[in-house]
Amino acid sequence: MEQDKRQHFRQTFHKPLCAEMTIVRIKGNQVDTKRTKTCILDIGPGGLRFLTNLKIPVNPYIVLEFQTRILDRNLSFHGHIVRKVEGRDEFHEYGVKFVLEETERMELTMLLNALAIRMRRYVKPASCQFCTLDDHKQCLRGFDVPPSPPDQPHPFASV
């Protein structure tokens, strides 16, 4: 049986967390690139998993920045891609390892613990930046959003 190699827990979202992503450094050199929306599927003190239609190499020398809002706090994380799962039609899922100081990791751990408690009571806390249907379409430009059963709202629709 394969063991989970993660050192930290992950908060999984029923509805993705919306974030803006940009490349901030390549091989130690600061770069200025456009921001794009991404859909965060889960996040933990060690990293996150996200979806996009962009092709990004698995490379520790490419540092990405993710900006989002969790429990009314605007957050910014730096990290590099450690895993890529290519999907159909150029749709990709990536795993990111954060580059954080220990104090930043501890603060994020406390925030994610508070989020986990809040999400037990509310599936979608209002104090977080969850993806709307429009955000989801922007994250995955050109891809069809799968239909929901007629008696259920679409998982990315605003509730």
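Which residues touch the most other members of the largest nonpolar core? In this predicted model, the answer is Ile-43, Phe-50 and Ile-70, which belong to a core of 28 residues. Let's start with the chain as a whole and then come back to that core.

## The chain at a glance

The chain holds two helices and seven strands. Reading from the N terminus, the order of elements is β-β-β-β-β-β-β-α-α. The chain has 159 residues, and 42% of them are buried.

Taking contacts between residues at least 6 apart in sequence, 63% join residues at least 24 apart. The chain exposes about 9900 Å², and carbon and sulfur atoms supply 50% of that area.

## The nonpolar cores

Back to the core of 28 residues, where Ile-43, Phe-50 and Ile-70 touch the most other members. Several elements each supply at least two residues of this core: β1, β3 (36-44), β4 (47-52), β5, β6, β7 (92-98) and α1 (102-121). The largest share comes from α1, with five residues.

Leaving out residues up to four places away in sequence, Ile-43 touches Phe-9, Arg-10, Gln-11, Phe-13, Leu-48, Ile-70, Phe-77, Phe-98 and Leu-112. There is also a second, separate core of five residues, including Cys-39, Leu-41, Leu-51 and Cys-131.

How far apart are the end C-alpha atoms of α1? They are 29 Å apart, which agrees with the 28 Å that 20 residues should span at 1.5 Å a residue.

The buried residues of this helix are Arg-105, Leu-108, Leu-111, Leu-112, Leu-115, Ala-116 and Met-119. They lie on the same side of α1, because they cover an arc of only 150 degrees around the axis. What they pack against is a set of strands: β1, β3, β5, β6 and β7. On the face turned away from the buried side, α1 carries the exposed residues Thr-103, Met-106, Met-110, Arg-120 and Arg-121.

Glu-107 is also found in α1. With a relative accessibility of 43%, Glu-107 counts as partly exposed.

Are they buried or exposed? His-80 counts as buried at 16% relative accessibility, and Ile-81 counts as buried at 3%.

Setting aside residues up to four places away in sequence, His-80 touches Asn-59, Pro-60, Ile-62, Gly-95, Val-96, Lys-97 and Val-99. With those sequence neighbours again left out, the contacts of Ile-81 are Phe-50, Ile-56, Pro-57, Val-58, Asn-59, Leu-64, Tyr-94, Gly-95 and Val-96. Phe-50 is one of the residues that touch the most other members of the largest core. For Val-96 there is also a distance to look at: its C-alpha atom and that of Ile-81 are separated by 4.4 Å, although the two residues are 15 residues apart along the chain.

## Cysteines

How many disulfides does the structure hold? The count is zero. Cys-18 counts as buried, because its relative accessibility is 1%. Cys-39 is buried too, with a relative accessible area of 0%, and Cys-39 is included in the second core.

## Loop residues with positive phi

Most residues other than glycine have a negative phi. Lys-27, although not a glycine, has a positive phi of about 50 degrees. Lys-27 sits in the loop between β1 (11-26) and β2 (29-30), and its 63% relative accessibility makes it count as exposed.

The other is Asp-72, whose phi is also positive, near 65 degrees. Asp-72 is found in the loop between β5 (62-70) and β6 (73-86). With a relative accessible area of 58%, Asp-72 is exposed.

Methods:
Residues are numbered from 1 along each chain as its sequence is written. This is a predicted model: local features need pLDDT of at least 70, side-chain atom pairs count only at pLDDT 80 or more; totals for chains, interfaces and linings use all residues. Side-chain values use heavy atoms; hydrogens and water are left out. Helices (H or I, at least four residues) and strands (E, at least two) are DSSP runs, numbered from the N terminus. Buried means under 20% relative accessible area, exposed over 50%, partly exposed in between (1.4 Å probe, protein chains only). A nonpolar core is a set of buried Ala, Val, Leu, Ile, Met, Phe, Trp, Tyr and Cys residues joined through side-chain atoms within 4.5 Å. Contact means heavy atoms within 4.5 Å. The expected span of a helix is 1.5 Å times one less than its number of residues. The arc is that of the directions from the helix axis to the C-beta atoms. A disulfide is a pair of cysteine sulfur atoms within 2.5 Å. Accessible areas come from the Shrake-Rupley method with a 1.4 Å probe; for residues, only the protein chains shown count as cover.
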